[in-house]
Amino acid sequence: MPLIDISIAEGRSAEQVRALMAGVHQVAESTVDAAPENITVIVREVPREQWSRNNQTICERESATEDAAIPNTPADAHDAEN
């Protein structure tokens, strides 16, 4: 009786989460010969501000990435040269 508990960051569509559940269910059937009626899959969606790795939340990492992707304005480029 597999109980498969998945934690994933929020942000996927309901269709994506459902596809994940179906795929995991299918893999449990085919790899450990579990009867379909005995497989339980739980997906827990964790808010991005509550998921941390290396003391940085997903939100903080995404914010840093977005900030780095913003090109310098001419004024910023001039300030950087001085």
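**Fold and one loop**

The protein has three helices and four strands. Both are DSSP runs, numbered from the N terminus: helices are H or I with at least four residues, strands are E with at least two. Starting at the N terminus, the order is β-α-β-β-β-α-α.

A word on the source. This is a predicted model, where local features need pLDDT of at least 70 and side-chain atom pairs count only at pLDDT 80 or more, while totals for chains, interfaces and linings use all residues. Residues are numbered from 1 along each chain as its sequence is written, and side-chain values use heavy atoms, with hydrogens and water left out.

Now the totals. Of the 82 residues in the protein, 16% are buried. Buried means under 20% relative accessible area, exposed over 50%, partly exposed in between, with a 1.4 Å probe and protein chains only.

Next, contacts, meaning heavy atoms within 4.5 Å. Take the contacts between residues at least 6 apart in sequence: 63% join residues at least 24 apart.

Last, the backbone. Which loop holds N54? The one between β3 (52-53) and β4 (56-57). Phi of N54 is near 55°, positive in a residue other than glycine. N54 is exposed, at 76% relative accessible area. N55 sits in the loop between β3 and β4 as well. Its phi is near 60°, again positive and again not a glycine. N55 is exposed too, at 73% relative accessibility.
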